[in-house]
Every structure is written in C-alpha cells, then in structure tokens.
Amino acid sequence: MSRVAVVTGGTRGIGEAISLALKEMGHAVAAIYAGNEGKAQAFSDRTGIATFKWDVGNHQACLDGCAAVNEVLGPVDIVVNNAGITRDGVLSKMSFDDWNEVLRINLGGCFNMAKAAFGGMRNRGWGRIVNIGSVNGQSGQYGQVNYAAAKSGIHGFTKALAQEGAKYGVTVNAIAPGYIDTDMVAAVPLPVLEKIVARIPVGRLGQAQEIARGVAFLCSDDAGFVTGSTMSINGGQHMY
Ligand code: NDP
C-alpha cells in the first residue's frame, strides 16, 4: 500500500538513501532539507522526489511544513527523523550555542516532527516513526557531549513514544548507525578517521544504503510487531 513519508534531512547522505528506499517501496516521499539548495535541487532532478525546506528545530515550521506536505501529497503516515548536525569540541571549549543547537535540531527535531504527525497517525490507526540515533549516543564519544546527549535522548524518546503509539498501530523505533560514508564523516580529519575505522570489526565505513534498508523494514507492514527497539547498524563497533 502506498503511504506518505516525510524524511528529514532527506536530500543527501543517509537521508537521500532513505528517501530513495521509501520511494522504491511505492511511497510518496517528501524530503526535507535545511538550506543547501544546490544539493536539494540536484536530488530532486535526479529522483523526482518532492523537496521541502524547513528547520526541524523550529516547532512551528514543522507544524506548518507537515501541513504543506499534507496539502501536496496527503496525510503523513511515516516520519523518518534523520536530520542531524555536529558541533564537536571538548566541554571546556564547547559554547552554550554549540550545545543548544545540537540539542535543538537533533533531539528537538524529533519532538517537533512527532507533534506534527503523531496525532493523525493515531487517528487513522497506522503510522511509522523511525528516529536516527547514533552509536555515539550509545557509547559516548570524546568531544561530543552535545551530540551524544542528543542521540542518547533520541533512544529514550523512542521507547517512551512507542508506548503511546502501540495500541493505535503506530510504531516508533530507532536506528543507531555506526560510521557511515557521508559528508558528515568526510569532515572528520583523516588520521582520526583511520583510527575509527581500525576499531570497526568489519574493517570499513558503512554505506548509507545499509541504513536505508533497516529504515525500510521498520516502515513496512511486516514490522508491525517491532516497536520501541533500537537497531544497531555499525559493523560490530559497539554491541549491547
Ligand atoms: P549529512 O550531514 O550528510 O546530511 C544532513 C542532512 O540533514 C542534510 O540533508 C541537511 O540539510 C539536513 N539538516 C541539517 N540540519 C537541519 C535542520 N535544522 N532542518 C532540516 N534539515 C536539516 O548527514 P548524514 O547523512 O551523515 O547523517 C544523517 C543522520 O544520521 C544524522 O542524524 C546523523 O547524526 C546520523 N548519523 C550519521 C552517522 C554518519 O556516520 N554519517 C553516524 C551515526 C548517525 P541541508 O542539505 O540543507 O544542509
């Protein structure tokens, strides 16, 4: 059955692969981006997927944005909270703005998007929310108290909202990716990246499509009994 899916940060990196995977499942996809017009336009030209621009950290923008998606594609059945940023630094050098911005976008974005879409899913008796966490939210990471806190928060948010959605056919799950070959990881200095890869048992970075396949499963009808879970896709880097 064709559904309407919103993928935040859906125009590049992991989000691009998720948008494509959901489109391949037959869904109408809205890919949300923050401001990189060039990447969004190229993505839209390449895939034919509709793009919408708003800041997921802005509560009203999420309410208005989902209303706009509703007008164009129909009621939102699937939300993938994938948009995320990093503002790394050790605590002594991290500004309050760097702390706040990562919490506002990475964790606040999940709340804002759930507020916009959860009620409709519950009323229609079917919904899927998938939140993209991180291995660094599970294990912590030097220089990332903001990012690790936000991503760890996503895992708690997922389990709590899953309990609210369960009896209405709305599942809420998380995926915790390990290091994936995207622009975000390309920003990590090469010597640091080499040390990271050396600690990944499968011996390589992950590919965005490997995360997208997990999201596609969690969004399917077949995953109706899976809720409140976190799927780790990390090449064996962290197991628990
Ligand atoms: P990228 O930096 O490659 O892409 C980020 C995407 O998020 C872009 O589409 C960007 O839009 C969008 N975005 C950023 N801020 C906002 C905002 N305020 N509102 C709306 N959209 C926004 O990221 P990745 O693909 O690497 O990561 C995707 C997710 O996976 C993130 O949540 C990240 O934390 C998580 N993750 C990534 C890992 C990795 O190794 N890459 C590992 C673990 C987790 P625009 O193009 O306009 O800038």
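A polar contact is taken here as a pair of N or O atoms within 3.5 Å; within protein, one must be able to donate a hydrogen and the other to accept it, and residues adjacent in sequence count only if both atoms are side-chain atoms. The model is predicted, with local features needing pLDDT of at least 70 and side-chain atom pairs counting only at pLDDT 80 or more, while totals for chains, interfaces and linings use all residues. Residues are numbered from 1 along each chain as its sequence is written, and side-chain values use heavy atoms, leaving out hydrogens and water.

A polar side-chain atom of Arg-12 lies 2.6 Å from an oxygen atom of the ligand, and a polar side-chain atom of Tyr-147 is likewise 2.6 Å from a ligand oxygen atom. For Asn-36, a backbone N or O atom lies 2.8 Å from an oxygen atom of the ligand. The protein covers 93% of the 910 Å² of accessible area that the ligand has on its own (Shrake-Rupley method, 1.4 Å probe).

Around the ligand there are 30 residues, of which Arg-12, Asn-82, Tyr-147, Ile-180 and Thr-182 come nearest (a residue is near if one of its heavy atoms lies within 4 Å).

Across the whole structure, 9 salt bridges are found (a side-chain nitrogen of Lys or Arg within 4 Å of a carboxyl oxygen of Asp or Glu). Arg-3 forms a salt bridge with Asp-221, with the closest N and O atoms 3.2 Å apart. Arg-3 lies in the segment before the strand at 4-8 and Asp-221 in the loop between the helix at 208-218 and the strand at 230-233, so the pair ties together parts 218 residues apart in sequence.

Definitions and conventions
Helices (H or I, at least four residues) and strands (E, at least two) are DSSP runs, numbered from the N terminus.
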